[in-house]
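Welcome, and thank you for taking a look at this structure. Please browse the sequence and the model below, and then read on for a short tour.

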Amino acid sequence: MSLLSAASLRHLLRHPAQLLLALLGLALGVATIVSVDIATASSRRAFELSMDAVNGPATHQIIAGPQGVDEQVYARLRTTGNIPLAPVVEGYVTIGDRSMLLVGVDPFAGVGLSGAADGPKRPDPAGWLIRPGAVVLSSTTARQLGLSVGRSFNLTVAGSERRATLVEELRGQHAGYDTVLFTDIAQAQEWLGSVGRLSRIEVHLPAGRPGDAAAARLRGSLPPGLQLVATRGRARESLDMTAAFTTNLQAMSLLALLVSTLLIYGSVSFAVVQRRRIIGIVRALGATRGDVGRIVLLEAAILGLIGAGCGVVAGILIAHALIGLVSRTINDLYFVVAVKDTALPTWTIAKALSVGIGTALVAALLPAIEVTNSPPQLGLRRSVLEMRAVHAARRLAVVSFFLAIGAGLIIFAWTRSLLAGFIALFLLLLSVAAITPAVLRALAQLAARLVGRSSPIIRLALADIAASLSRTAVAVAALGMAIAAMIGVSIMVESFRESLREWLTRTMRADVYVTAPGPGAGRPERRLDPQVIEALVAVPGVVDYSLSRRVSVELPDGPVSLDALKPAHASFAAVPLTSPNPQRTWKDFARGDIIVSEPLAWRLQLSQGDLLTLNTAIGPRSLRIAGIYRDYGNDRGNILMSLARYRGLWHDEGTTGMGLYLAPGSALEASLAALQAAVHGRQALLMRSNRDLRDLSMSIFERTFVITRVLYWLAAGVAAIGLVSALLAWELERGREMAILRALGLTPRGAALLIETQTGFMGLVALLAAIPAGLLTAVVLVDVINRRAFGWRIDLHLTAEQFSNALLLALAAALAAGLYPAWRSARVPIGTDMRDE
Amino acid sequence: MLTITGLCRDFREGERVHRVLDGADAGIARGEAVAVIGRSGSGKSTLLNLIGGIDCPDSGSIRIDGREITALREPERTLFRRRRIGFVYQFFNLIPTLEVEENVRLALELNGIRGTRARRRSEDMLAQVGLADRLRSGVDRLSGGEQQRVAIARALVHEPELVLADEPTGNLDEQTAAVVMPVLLSLARQRNTTLVIVTHDRMVADNVDRTLELRQGKLHELRRGALRESSSR
């Protein structure tokens with residue numbers, strides 16, 4: 001190691017607290033990225049494994065809508081062609097409180113298909129199909145459920161209990177099998193209530209041209225309403241559903257990194273400033289600009305590497321907590337996934353290391369340029385340095401203006417791009433950081449002038465902040481940016497919550513909601529027994545009811561949920577239509593038109609009067625859009641259709657849920673008891689009062705935003721550490737100045753007051769800069785990011801609480817930063833600091 | 001060896017322009033030891049920075065061994081400085097994070113001399129200034145006189161043709177200065193190194209070959225004894 005590098009390294013090691021805080025800031029920034037990557041990759045991997053287990057070696061699938069595929073079609077295809085096919089019936093069941101995917105396979109066709117290619121093998125059910133209720137589980141799941149071969153147990157399908165017997169355990173299979181329960185196809189049809197229907201037909205086609213030709217032939221021979229799709233493409237469509245959700249998580253983690261970039265900049269530039277004299281000496285001795293610049297960058301790179309290394313380790317630890325939150329949100333909103341193992345993709349480590357080093361290098365670039373361009377004079381005067389900082393602050397104020405203009409232009413130039421939305425948001429936050437030094441200086445000077453007459457110490461404290469801009473501005477800017485983001489996210493979440501609450505109040509008009517229980521929204525097996533419906537309607541006190549069938553239907557870019565409705569009288573007012581003429585819309589709806597939700601209209605760029613083509617059981621049908629309605633239930637979008645029209649198009653007589661309207665003045669508890677009694681022994685149902693269901697919806701919403709909150713607290717934590725680190729270093733550097741004041745008669749209490757005034761003031765300035773910026777951030781998050789990511793239109797709601805957290809953070813960080821220097825200035829003998837110079 | 005011709009340097013303070021050097025001229029021969037005296041703020045350190053290529057004049061030229069360093073660009077000036085010039089400062093300017101021997105070796109390392117050869121040369125140099133027993137000490141453990149001797153060793157170790165010393169005794173008491181100055185002067189003479197010393201110290205001025213006074217931006221030659229006469233007056 002050269003002596004220049006050794007000198008630089010030893011300098012860092014002589015300031016361990018400063019080094020530690022810089023590393024902590026960077027490590028947290030990297031950790032956030034790593035943990036989000038691991039959590040999303042693990043959920044993705046779990047989903048892919050379970051797809052792998054369910055799909056086996058199939059390359060394609062023949063699918064239909066919610067009614068499924070008629071098994072006669074399978075029989076015909078099997079006898080007329082020589083393509084390996086296998087029928088599958090699947091649906092969700094629960095064992096105890098655990099959700100499992102029940103997969104019914106054909107013993108004969110399945111074996112043929114399994115042998116068709118390398119890949120995961122299904123169990124061979126030929127040996128156990130003769131036993132009624134026979135099922136096969138992975139040995140891991142069997143052990144977790146306390147089951148052994150030969151043991152019988154109950155499973156629940158949409159509220160109905162079924163008796164099953166474990167006949168075989170699968171050993172040595174990957175984790176994807178842990179959520180799957182295999183049975184014979186006929187047994188699955190019976191349990192899922194889909195006798196004569198298949199969920200899909202699996203197809204194994206050869207690769208390349210012969211495969212394409214076979215696919216074309218097969219497609220041509222399919223009856224209307226059936227589609228041949230690639231298995232991988234379908235899995236990708238399902239994963240794509242979570243794209244907006246994961247993009248938001250990644251953006252939040254980038255925010256934490258952006259904050260840590262500023263902090264690294266602060267640390268590196270501070271380390272350079274501290275060594276300005278040494279750098280002057282080595283430059284005078286003949287070290288070139290390149291030599292000095294290289295040392296600064298090398299130091300930053302090492303700092304980045306160590307910080308990123310620590311960040312990866314911390315990220316893995318944080319990921320364990322985050323995985324639960326991410327998979328729960330995916331389960332709530334998208335599809336059922338059980339994450340058993342954490343996936344740590346190699347590229348995540350590579351990305352983390354390069355992001356860590358890159359961030360540190362970018363952050364160190366300005367100080368490196370600054371130091372190489374400085375003349376090699378010893379001990380460049382502090383006043384010159386501060387004069388430069390003042391000039392830089394003025395230039396940055398102009399830059400800030402252009403950054404904000406740039407953000408606006410990007411939003412208006414790319415009206416649909418989510419990426420453009422995020423770029424605009426980051427430009428906006430950078431604009432806050434850029435304006436902060438000028439604001440800090442102006443406010444400090446103003447405050448010094450205002451309070452100067454009453455207290456010379458306070459005046460000194462405030463004037464010092466303005467005069468030490470090179471030290472104070474970066475820390476305050478980083479904190480300001482983090483607080484702006486925090487306020488923005490708080491307002492967005494609160495606005496969303498309020499909009500959702502209002503929406504729920506308006507849309508949920510029935511007194512009691514009844515559904516068939518079970519995991520997965522839009523699952524065809526979740527249906528109410530027709531006799532149960534009759535019994536519920538006949539309960540005294542029920543004056544009106546609505547029926548709904550929730551299914552998933554195919555659009556060219558993937559599945560979308562469809563609610564087929566037989567509205568009650570009050571239901572019409574419950575759907576918040578955005579179209580100008582609701583009477584007309586409902587009239588068209590009754591005639592067979594559809595109503596689409598705002599997210600779907602946004603995603604597919606649909607307007608009232610457009611046609612939307614759906615693949616129905618009787619072939620593709622173009623349906624006119626009668627209106628658009630506000631909906632927060634599903635970010636992929638939703639279609640409303642009359643139940644009669646749905647039944648005509650899909651030949652599905654099932655009902656997923658119903659809303660019951662009670663006579664005015666009915667006692668809810670008594671009515672619920674009467675309803676429960678009416679269905680007792682027939683089907684276990686989820687029966688919830690209006691209020692319970694609203695609370696449940698709100699709790700799902702809260703769960704969804706837990707991750708957002710965790711991430712923004714991480715970003716805020718990074719900023720707080722940065723502020724503490726920078727201010728601590730600044731205050732310690734001023735040890736001699738403080739010692740002189742103490743020698744002149746400043747009491748320890750006065751010294752502490754002076755220091756806390758300075759740090760507290762800086763926290764307040766960060767907050768002041770952040771409040772308008774936070775409001776703007778909220779507007780961008782609500783009107784740009786949310787709209788583009790999910791298609792939701794949200795009304796802005798402002799409350800005091802959104803700002804109180806930010807105030808708390810700013811003041812706590814600022815005051816904490818002053819504690820040690822205040823204590824030190826009171827305790828360390830005056831002579832020590834005066835001699836130190 | 002060193003020729004200064006019509007050297008001018010201004011400093012701006014807001015609207016006001018302060019001319020520190022106003023057509024300074026001087027010539028110094030190889031191996032000569034010259035003191036530059038003058039009142040505080042007269043521009044002595046500025047002159048030294050200009051000779052060392054740390055700063056640039058507004059006009060005029062400086063030639064060292066016929067090479068006009070004022071015409072060189074910054075990177076070339078830096079390379080020229082590290083090969084041909086050594087510096088000694090009032091406040092020593094040692095690197096606090098390096099040991100005594102490392103501080104001296106740094107000047108060699110910057111000139112591409114590394115390894116055992118560099119170590120041996122720096123140790124020899126430290127022995128010549130009487131610090132053979134302090135090689136591995138931290139510089140902050142040394143006394144002022146010892147620190148200045150390390151600085152002298154560092155200034156001479158790479159055998160420059162010219163050593164520039166800015167108030168080398170300014171931070172030392174009289175007794176210590178009496179030990180340090182002869183070390184600098186004798187080592188410079190042994191090596192035939194040209195020495196330019198900016199000083200207020202009469203003892204230093206008495207022991208050099210010539211004394212120049214910087215007055216109103218110009219360099220004036222003082223005859224021997226003139227300094228003593230002026231101070232006694």
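Two residues are in contact if their C-beta atoms, placed from the backbone, lie within 7 Å. In chain B, residues 24 or more positions apart account for 70% of the contacts with a separation of 6 or more. Before going further, note that this is a predicted model, in which local features need pLDDT of at least 70, side-chain atom pairs count only at pLDDT 80 or more, and totals for chains, interfaces and linings use all residues. Residues are numbered from 1 along each chain as its sequence is written, while chains are lettered from A and ligands numbered from 1 in the order in which they are written.

Chain B has eight helices and ten strands; helices (H or I, at least four residues) and strands (E, at least two) are DSSP runs, numbered from the N terminus. Of its 233 residues, 45% are buried. A residue is buried if 20 or more other C-beta atoms lie within 10 Å of its own, exposed if 12 or fewer, and partly exposed in between.

Where do the two chains meet? Their contact takes 18 residues from chain B and 18 residues from chain A. On the side of chain B that touches chain A, the elements giving two or more residues are α2 (74–84) and α3 (100–110) of chain B. The most comes from α3(B), with six residues.

A:Ala7 lies in helix α1 (residues 3–14) of chain A. This residue counts as buried because it has 22 C-beta neighbours inside 10 Å. Leaving aside neighbours within four places in sequence, A:Ala7 is in contact with A:Ile278, B:Ile95, B:Thr97 and B:Leu98.

Now to the nonpolar cores, which are sets of buried Ala, Val, Leu, Ile, Met, Phe, Trp, Tyr and Cys residues joined through C-beta atoms within 7 Å. Here are two of them:

| Core | Size | Residues, among them |
|---|---|---|
| Largest nonpolar core | 198 residues | A:Val30, A:Ala766 and B:Val36 |
| Second, separate core | 85 residues | A:Leu155, A:Trp191 and A:Tyr661 |

Not counting residues up to four places away in sequence, A:Ala766 touches A:Val476, A:Leu479, A:Gly480, A:Ile483 and A:Ala810.

How do helix α16 (residues 469–507) and helix α25 (residues 748–790) of chain A cross? Their axes, lines fitted to C-alpha atoms over the stretch in contact, come within 6 Å and cross at roughly 40 degrees.

Methods. Axes fitted to C-alpha atoms, helices over the stretch in contact; angles between N-to-C directions.
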